[in-house]
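Let's take a walk through this model together. Have the structure open as you read.

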Amino acid sequence: MVMYPSTSLLKTRFTQNFGIITFKQFKQKRFAHDLVVRKTTGKPIIKYGPGGRSSVSGHIATVFGSTGFLGRYLVSKLAKHGTQVVLPYRDEDAKRHLKVTGDLGQVVFLEFDLRNEQNIIEAVRHSDIVYNLIGRDYETKNFTYEKVHIEGAERIAKLCKKFDVSRLVHVSALNADINSPSRFLRTKALGEKAVKEQFPDVTIVRPGYMFGPEDRFLNRLSGFPYELMVNHGETLFSPVYVIDVATALETMMKNETTISSTYELYGPAVYSMREIYDIIDDIMKKKRTRLNVPSPIALGITKLLTYLPWPYLTPDEIERYCISDKPGKAVGGGEVKTFSDLGVELVDLESKAIQVVRRYRSNTHFDQPISKNIGKVKKGVYHVEY
């Protein structure tokens, strides 16, 4: 059951004198900026408190996919500013760390199944904004790309429209294209189209490869003893810091100019796979053997890996590693916006990659400086910046 913050203008104060408790009521001051009216539905959103974790922003947000990589950072940003978040989940253990991201009663968990409409209804019926972050890097018996990226996304959008949810933010992927050789990217593009048909005012977000402490990008490239490449390492990437993406998603909740817009969120610089490996080697203080694997061989090997319980790398990811990041077109035409339209300042790969890669250093170099040109390392003396 979802618990709601009180919207009453009255608070109760009690004092105790010689064992006698007396109650007094006083009015809480409200200002014009405490009231926000949703543009699409006309519903009022009233906030109170000085701001921060123990205040109430007046928003109720449902975050599908909250247990994933991007989800944990988005939930943290929403909850610490007083937004009540409803978090549908499948795995009991996968959601435990999210409980402490918000104040008592502000983080509400609901067990759900993407195929069960009643579960989705319970999750969205009281919310004024819904984020759909659900996505699959690999397919399973019960959840194929089509069932997750198209059917599941369409189902969420349809029910959001039916229950008058003010805002829907749908997270897709950079390079999503119905003509892409990657099934992942094809289904992401078809999912955008299906969601747009069901919820015309949807905000579509296409992040590039995201990096951060729990990512599947830098961790994968750093954790293998060899540097394996396809396409001779010439594919171009624009990696984006996961917290920058979470900040952009949080901004969209308050900024209603983002309604019915498409955003492509990519990093401030473009790197080839070779250049990314050079950055990793520089941080790790290690030079690994670099091998180019022909695409047919890589596809064959990864096809065998799909028989493992948790595939390390899939054939579709090999296809994506051969596709360079490039700007796309908005669904139905129109302008594609970026971070600059949201006023988000970006962090580049070199300044934050150390947070991910440092754990892969050998014990010989682990305590050496983590930033370039900071101090001088001497025998027995180490300078470490945190």
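Predicted model: local features only at pLDDT ≥ 70, side-chain atom pairs only at ≥ 80, totals over all residues.

Residues are numbered from 1 along each chain as its sequence is written, and side-chain values use heavy atoms, leaving out hydrogens and water. Helices (H or I, at least four residues) and strands (E, at least two) are DSSP runs numbered from the N terminus.

Back to α1, residues 69–79: nine of its eleven residues are buried, with buried meaning under 20% relative accessible area, exposed over 50%, and partly exposed in between (1.4 Å probe, protein chains only). Among the buried ones are Phe69, Tyr73 and Lys77.

Now for the sheet. It is open, with eight strands in the order β7-β6-β5-β8-β9-β10-β15-β18 and parallel pairing; two strands pair if DSSP finds at least two bridges between them. At the edges sit β7 (107–111) and β18 (336–337), each pairing on one side only. Strand β6 (residues 84–89) is joined to β7 by five bridges, and Val85 stands opposite Val107 in β7.

Helix α3 (residues 145–162) lies across β5 (60–64), β8 (129–132) and β9 (167–171), running at about 175 degrees to β8. Axes here are lines fitted to C-alpha atoms, for helices over the stretch in contact, and angles run from 0 to 180 degrees between N-to-C directions.

In the loop between β8 and α3 you'll find Ile134. Its relative accessibility is 17%, so Ile134 counts as buried. Leaving aside neighbours within four places in sequence, the contacts of Ile134 (heavy atoms within 4.5 Å) include Phe64, Phe112, Val148 and Ile156.

On to the charges: the whole structure has 19 salt bridges, each a side-chain nitrogen of Lys or Arg within 4 Å of a carboxyl oxygen of Asp or Glu. Asp278 and Arg290 form one, with the closest N and O atoms 3.0 Å apart. This pair links distant parts of the chain, with Asp278 in helix α7 (residues 273–284) and Arg290 in strand β17 (residues 289–292), twelve residues apart. Arg290 also meets Asp281 in a salt bridge (3.4 Å, N to O). Asp281 is buried, because its relative accessibility is 7%. Salt bridges that share partners join Glu227, Asp278, Asp281, Arg288 and Arg290 into one network.
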